[in-house]
Amino acid sequence: MSGIDIAFTLISGVLGLFIGSFLNVLIYRIPNGEDFVRGRSHCPKCGHDLAALDLVPVFSFLALGRRCRYCKAPISGRYAFVELLTGGLFAISWILTRGISPWLALPLDAFCASALVALFILHDGHRPPKALYLVLAGFGVLVASWALFTW
Ligand SMILES: [Zn+2]
């Protein structure tokens, strides 16, 4: 791996951390019927709006001692886990696709992100929306056919 490959792998991983933070929002809000585009993130215990500094993936979780800055309620380690998992998957997807086509990493990332949202919603005992399965299938077919025709 060249220096530029390592740099792009790290960039993909960091991008994945931030996307993972958004996936946490989707996993929490979709089953509750909440708007996930608008509406600020808030503490599920005290309801206080979270500031930008409270939302830095993994870092905020560790820096705040795994507790809400405002009410000191413990924050589930699952938020950081989802962020790290997404970061890791994005880095791996970059490594896997860089020899085929660097743009292939985008639909593969989207596939991984949709799969994570569906899996965690299922894990929480809710039913993911049907549209999410369509998104998942769409990106899956795109990645499979792209990889098949460019390999
Ligand atoms: Zn709180």
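Predicted model: local features only at pLDDT ≥ 70, side-chain atom pairs only at ≥ 80, totals over all residues.
Visitor: What is the secondary structure of the protein chain?

Guide: The protein chain has 5 helices and 0 strands, in the pattern α-α-α-α-α when read along the sequence. Helices (H or I, at least four residues) and strands (E, at least two) are DSSP runs, numbered from the N terminus.

Visitor: Why are α3 and α4 called roughly antiparallel?

Guide: Helix α3 (residues 78–97) and helix α4 (residues 105–123) pack at an angle of about 150 degrees, with their axes 9 Å apart; axes are lines fitted to C-alpha atoms, for helices over the stretch in contact, and angles run from 0 to 180 degrees between N-to-C directions. Angles under 35 degrees count as roughly parallel, over 145 as roughly antiparallel, 65 to 115 as roughly perpendicular and the rest as oblique, and α3 and α4 are therefore roughly antiparallel to each other.

Visitor: Is the crossing of α3 and α4 left-handed or right-handed?

Guide: The crossing of α3 and α4 is right-handed, a crossing being left-handed if the near helix is turned anticlockwise from the far one by less than a right angle, and right-handed if clockwise. Helix α1 also passes α4 in a right-handed crossing, the axes of α1 and α4 coming within 10 Å and crossing at roughly 35 degrees. In that contact, S12, I19, L23, L26 and I27 of α1 meet A105, A113, L116, V117, F120 and I121 of α4, and by class there are 10 nonpolar, 1 polar and no charged residues.

Visitor: How do you know how far α4 reaches against what is expected?

Guide: The expected span of a helix is 1.5 Å times one less than its number of residues. With 19 residues, α4 reaches 26 Å from its first C-alpha to its last, close to the 27 Å expected. Helix α1, with 27 residues, reaches 39 Å, close to the 39 Å expected.

Visitor: What makes G16 buried?

Guide: G16, which lies in helix α1, has 27 C-beta neighbours inside 10 Å and therefore counts as buried: a residue is buried if 20 or more other C-beta atoms lie within 10 Å of its own, exposed if 12 or fewer, and partly exposed in between, with C-beta atoms placed from the backbone. Leaving aside its neighbours within four places in sequence, G16 is in contact with T86, G87, L89, F90 and A91. The buried residues of α1, among them G16, L23 and I27, pack against α3 and α4, while those of α4 pack against α1 (3–29), α3 and α5 (130–150).

Visitor: Why is I92 called partly exposed?

Guide: I92, found in helix α3, has 17 C-beta neighbours inside 10 Å and so counts as partly exposed. I92 and D109 are 17 residues apart in sequence and 9.5 Å apart in space, C-alpha to C-alpha.

Visitor: What is the phi of V58, and what is that of K72?

Guide: V58, in the loop between α1 and α2 (59–63), has a positive phi of about 60 degrees although it is not a glycine, and with 16 other C-beta atoms within 10 Å it is partly exposed. K72, in the loop between α2 and α3, is likewise a residue other than glycine with a positive phi, near 65 degrees, and K72 is exposed, with 11 other C-beta atoms within 10 Å.

Conventions. Residues numbered from 1 in each chain as written. Contact = placed C-beta atoms within 7 Å. Nonpolar A, V, L, I, M, F, W, Y, C, P; charged D, E, K, R; others polar.
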